[in-house]
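Dear colleague,

I am passing on the structure we spoke of, and my notes on it follow below. Please read them beside the coordinates.

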Amino acid sequence: MSFSLAAGGSTTRASIPGTNTANPAAPGNQRTTRPIVTGTSVIGIKYAGGVMLAADTLASYGSMAKYKNANRLVSINPKTLIGGGGEYSDFQALTTLLRKAALEDRCTADSLYEEDGSEECAREVWNYIRAVMYNRRNKMNPLWNDVVVAGFAQDKDGSTGEPFLGLVDKIGTAYGDDVLATGFGSYLALPILREKYRGDLEEGEARALLEDCMRVLFYRDCRASNRIQIAKVTKEEGVLISDPYELDTSWDSASFVTPKGEIEGDGGW
């Protein structure tokens with residue numbers, strides 16, 4: 001399968017042999033030089049019985065909160081969930097590629113009526129994304145995304161194995177852990193997750209912990225929103241993604257109320 005994708009972001013035209021560079025409409029190679037419409041942090045955690053991800057629904061056009069209903073948690077198949085930060089159109093292109101691969105796997109299975117045997121497990125999707133990202137990086141035209149993959153690994157006998165949580169960045173670096181975060185979440189949310197994580201967390205505890213982290217990110221990351229989605233993957237129910245909802249927030253903290261520098265009218269909160 002080809003890894004070639006035509007995605008968004010700011011592009012530049014590079015001259016190639018046989019083209020007329022004096023003509024702006026002449027064909028050329030397009031390269032993404034910087035992301036334009038971006039999403040911020042995605043955070044993930046393993047808990048007893050599954051894996052859970054959280055992300056807000058804001059896509060920013062530079063410093064402007066442009067799109068407030070951008071879904072960045074996507075189900076690839078009944079066993080696998082991904083969340084993406086970075087250039088939103090690149091994430092859409094990657095999602096399209098993964099769904100195309102999942103459809104091809106389904107259509108070329110031994111039976112179209114198989115319930116469990118034809119979908120890729122989360123680890124296979126994670127490895128495929130790593131190959132795609134590294135391929136695009138080597139072409140000097142990366143997909144500007146950090147992608148978190150959640151689901152279950154597959155045992156050698158084909159049965160569903162242990163919960164899996166992995167991350168792939170835009171240059172193809174890939175790793176897994178019990179707690180993961182992208183963007184500002186790797187600075188602000190990951191220390192909270194590591195401090196409070198336990199292997200026997202219940203679903204409600206994991207959800208509350210993710211909501212606390214998303215609330216901190218809303219306070220401290222100017223590209224974040226308090227309108228979030230939470231998604232989970234379990235063996236029994238597969239992938240479930242919540243409708244967007246708003247977190248309760250409080251701005252009574254002294255650091256928010258007290259004018260900066262103790263000077264009235266200086267532009268502080």
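Strand β9 gives the largest share of the lining of the largest pocket, three residues; strands (E, at least two residues) and helices (H or I, at least four) are DSSP runs, numbered from the N terminus. This is a predicted model, in which local features need pLDDT of at least 70 and side-chain atom pairs count only at pLDDT 80 or more, while totals for chains, interfaces and linings use all residues. Residues are numbered from 1 along each chain as its sequence is written, and side-chain values use heavy atoms, with hydrogens and water left out.

By class, that lining has four nonpolar, nine polar and five charged residues (Ala, Val, Leu, Ile, Met, Phe, Trp, Tyr, Cys and Pro count as nonpolar, Asp, Glu, Lys and Arg as charged, and the others, Gly among them, as polar).

Helix α1, residues 88-107, reaches 29 Å from its first C-alpha to its last, close to the 28 Å expected (1.5 Å times one less than its number of residues). Its buried residues (under 20% relative accessible area, with a 1.4 Å probe and protein chains only) include Tyr 88, Phe 91 and Leu 98, and among the elements that cover the buried residues of α1 are β3, α2 and β10.

Lys 232 lies in strand β14, residues 227-234, and counts as buried because its relative accessibility is 14%. Its side chain is joined to that of Glu 203 by a polar contact of 3.0 Å (a pair of N or O atoms within 3.5 Å, one able to donate a hydrogen and the other to accept it, where residues adjacent in sequence count only if both atoms are side-chain atoms).

With best wishes

Notes: Buried means under 20% relative accessible area, exposed over 50%, partly exposed in between (1.4 Å probe, protein chains only). Contact means heavy atoms within 4.5 Å.
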